[in-house]
Amino acid sequence: MELYLIRHGLTVWNAAGRLQGNTDIELNEQGREAAGILGKKLDDTHFDVIYSSPLIRAYETACLIRGHRNIPIIRDQRLRELSFGDMEGICYTEWNNPQSPYRFFFTEPDKYLPPPNGETLEDLCNRTKDFIQTVIEPDFEKKQRVMIVAHGALNKGLMCYLEGNDKAHFWGKGLQKNCQASIFNYDGKTWHKLTED
């Protein structure tokens with residue numbers, strides 16, 4: 001089974017450098033265009049099913065990638081983005097300020113503590129692992145190729161399980177770009193990363 005992990009297209013808040021989390025922000029025109037282009041590139045690639053975050057920026061990306069094809073899109077709450085609680089909507093510059101208590105998020109994730117009403121990276125990794133183990137892996141022999149369209153931190157949570165990374169290496173080689181795909185293969189026992197682009 002092949003698994004495509006795709007980050008949603010660009011939003012107004014992405015372009016402004018604002019932290020989105022669970023705030024439901026739609027794609028901007030650039031994001032819609034990029035999702036449509038990716039859909040055309042994948043037009044001849046068969047997918048059995050697309051799983052999507054319930055947030056509109058991911059779901060709209062999934063719909064644009066699917067295009068005219070008859071592929072079911074299933075939204076799952078476990079694929080929503082990491083919640084940043086009371087800090088959603090602030091600019092990354094404020095988030096990463098040397099005096100900010102959240103400054104370790106991208107550089108030393110094992111030291112990261114969430115804002116009030118926010119979610120821990122452990123919480124994120126637990127629900128992404130649960131999704132893979134209960135939804136994706138049991139369909140190994142039934143499905144040839146599956147797509148997940150979600151978010152930057154969420155996809156990294158999925159990859160932590162797929163690649164066997166610990167919290168200190170949460171970000172791996174860095175955040176996916178908008179509409180970037182990371183492709184994995186599952187042989188029934190082990191996940192292998194095939195490519196990124």
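**Cavity and lining classes**

In the classes used here, Ala, Val, Leu, Ile, Met, Phe, Trp, Tyr, Cys and Pro count as nonpolar, Asp, Glu, Lys and Arg as charged, and the others, Gly among them, as polar. On that basis, the lining of the largest cavity has 8 nonpolar, 6 polar and 3 charged residues. The structure is a predicted model, in which local features need pLDDT of at least 70 and side-chain atom pairs count only at pLDDT 80 or more, while totals for chains, interfaces and linings use all residues. Residues are numbered from 1 along each chain as its sequence is written, and side-chain values use heavy atoms, with hydrogens and water left out.

A search of the whole structure gives 1 cavity of 30 Å³ or more. A cavity is a set of points, on a 1 Å grid over the protein atoms alone, where a 1.4 Å probe fits but cannot get out; lining residues have an atom within 4 Å of a point. The largest cavity holds about 160 Å³ of space, a volume being the space filled by probe spheres set on the points, which are joined across faces, edges and corners. Its lining comprises 17 residues, and those closest to the centre are Arg7, Glu81, Phe84, Tyr92 and Ala153. Helix H5 (104-107) and H7 each give two or more residues to this lining. Helices (H or I, at least four residues) and strands (E, at least two) are DSSP runs, numbered from the N terminus.

**Nonpolar cores**

A nonpolar core is a set of buried Ala, Val, Leu, Ile, Met, Phe, Trp, Tyr and Cys residues joined through side-chain atoms within 4.5 Å. Buried means under 20% relative accessible area, exposed over 50%, and partly exposed in between (1.4 Å probe, protein chains only). The largest such core has 35 residues, and Leu3, Tyr51, Trp95, Ile132, Ile136, Ile148 and Trp191 have the most contacts inside it. Elements supplying at least two residues each include strand E1 (2-7), helix H6 (121-136) and strand E4 (145-150). Apart from this core lies another, of 17 residues, among them Ile6, Phe47, Ala62 and Val149.

Contact means heavy atoms within 4.5 Å. Beyond four places in sequence, leucine 3 touches residues including Ile132, Ile148 and Trp191.

In helix H3 (residues 56-66), the buried residues are Arg57, Ala58, Glu60, Thr61, Ala62 and Ile65. They pack against E1, helix H2 (29-41), E2, strand E3 (73-75) and E4.

Glycine 21 occupies the loop between helix H1 (12-16) and H2. This glycine is buried, with a relative accessible area of 2%. Among the residues that glycine 21 touches, beyond four places in sequence, are Arg57, Glu81 and Phe84.

Definitions and conventions
1 Å grid on protein atoms, 1.4 Å probe; cavity = no way out; pocket = protein on both sides within 12 Å on 5 of 7 lines; lining within 4 Å.
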